[in-house]
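Open the structure in your viewer and keep the selection tool at hand. The stops below can be taken in order.

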Amino acid sequence: MNSLRVLLCGYEMLPFFKKGGLGDVMGSLPKALDIIGVEAKAVIPYYQDIRSKENLKRIGQFFIHFGSGEEEVGVYKTNLPNSKVEVYFLSNRPNLSYINTRGKNKKIDQFAFFDLAVSHFISYLSYNEKWLPSVIHCNDWQTSLIPLILKKKTSLNIPTLLTIHNHNYQGIGSLKVLDLLHIKDEDTKEIKRGKPVKEINILGEGIIHATKVSTVSPTYAKEITQNHMSGQLKYFLEKRALEKGERDEILGILNGIDHTVWNPTLDNQIFHKYDLSTLDEGKRNNKEDLIRTLSLQNKPTFAFIGRMVKQKGVDLLIKAIKKLNNNINFIFLGTGDPNIEKSITRVITKSTVSNIKAIFDYDEDFAHKLYVSSDFVIIPSHFEPCGLVQMVAMKYGTIPIASETGGLKDSIIHNKNGILFKKNSASSLFGAIKHALLLYNNQSKFRKMQVLAMKTDFSWDKSAKLYKNLYTSLVQS
Ligand code: NHF
């Protein structure tokens, strides 16, 4: 076993279970790693949602000591579709069937359970599947206790990489979770680090204990480490920097997208397939079908596709839309915070602007149709670690209009393959929409931008190689 062997751990993974962008990454990065010779496997919880869709084979079980009892963890396995990548699912009815929504501590306890289970699963893998990972790749707070548990509760000495996909979700809650894990007093002291703390910050513990920390774009890496965007994480980032020294920077590796899923020449979910040579016709036909489906007229069409949470900047968009006239179509697709949904509904009912539609649903099929049929997608995020919407849109020749932040800044070249505007500024967004309309009216310039957008390479090729280099450096250090 000389090759690089990486176990990716996460709480979501396409096509099995998806809540957000991490699901896309978990579903596509392992395949890209496999292609360049990294042996990648993944492990996620076996939720009831997955159980009811996939009839997976149980291959074994093991026991863990959690709280006051011995808990059985079932192991299931299948392949990531169209690849050799093996995906393992850990089951435990009380703790891993659903994502707990009743109180933050419940969720923390259940992912502490998952992290403890993963830490034991590594020995299971080695013994039963004859495969011992050389690197454990954790993702977001839900798997951020793994580095601490490996150090405190096992004799395994395997380097860990923690990738932060969104610093806003940190897993903050009662220190009692340490009792469930049987992590002793002396370690609790370590967590308190000489100051009184009432709560544990799980992402913070991951930052302290992981061998290496990365995030999903170079600009976001700078934003969270230098530009005071990290909020409560600041303490942990500074602590790590102090302990590890300057050479241990938080690395930003831009995500890629799966071009077998997001591709106008292959996509069975869009009305009409097309490529660069049939771009005009393809876009026109798709747009005609969309506007017919939604009873709209043929006007420049803008879309917002994404979770309706504060981060995504719908507030800015609403301010800008209120100033626009009737000469555009606007379609919102996504679900989330009911207050944000209500604010959109209010604009639709009160505004003089017709031609605004909202579909408050997580509808992957309709998302494909909307990406392909719109002229522009707007991504007004207050911050965006990487962002996948702009990459997908560009692949379909749909022009992104995005805040100049995080991965949006790293993937869009202003006025070449998209339009950037000043983050957190509704007036700058309004200016960008005006600019987009001028561009739309100059069809040759607009087409040139569409072609450049479609030609931009957002495949995983480059980034998978960067991960490979990073894993190699961890194994060698
Ligand atoms: O692309 C996957 C995704 C990011 O910006 C996105 C986000 C959540 O906020 O890395 O994670």
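Start with the second largest pocket, whose volume is about 410 Å³. A pocket here is an open set of points on a 1 Å grid over the protein atoms alone, where a 1.4 Å probe fits, with protein on both sides within 12 Å along at least five of seven lines; lining residues have an atom within 4 Å of a point. The volume is the space filled by probe spheres set on the points.

This is a predicted model: local features need pLDDT of at least 70, side-chain atom pairs count only at pLDDT 80 or more, and totals for chains, interfaces and linings use all residues. Residues are numbered from 1 along each chain as its sequence is written, and side-chain values use heavy atoms, without hydrogens and water.

Select Ala221, Thr225, Gln226, Glu249 and Ile250: of the 21 residues lining this pocket, these lie nearest its centre. Then colour helix H9 (218-225), helix H10 (234-244) and strand E11 (251-252), each of which supplies at least two lining residues. Helices (H or I, at least four residues) and strands (E, at least two) are DSSP runs, numbered from the N terminus.

Next, select serine 463, in helix H19 (residues 461-476). Serine 463 is buried, at 8% relative accessible area (buried means under 20%, with a 1.4 Å probe and protein chains only). Its side chain reaches the backbone oxygen of leucine 254 at 2.5 Å.

Finish at helix H1 (residues 21-35), where 13 of the 15 residues are buried, so H1 is largely enclosed by the rest of the structure. Glycine 37, which follows H1, has a positive phi, near 90°.

Notes:
Buried means under 20% relative accessible area, exposed over 50%, partly exposed in between (1.4 Å probe, protein chains only). A polar contact is a pair of N or O atoms within 3.5 Å; within protein, one must be able to donate a hydrogen and the other to accept it, and residues adjacent in sequence count only if both atoms are side-chain atoms.
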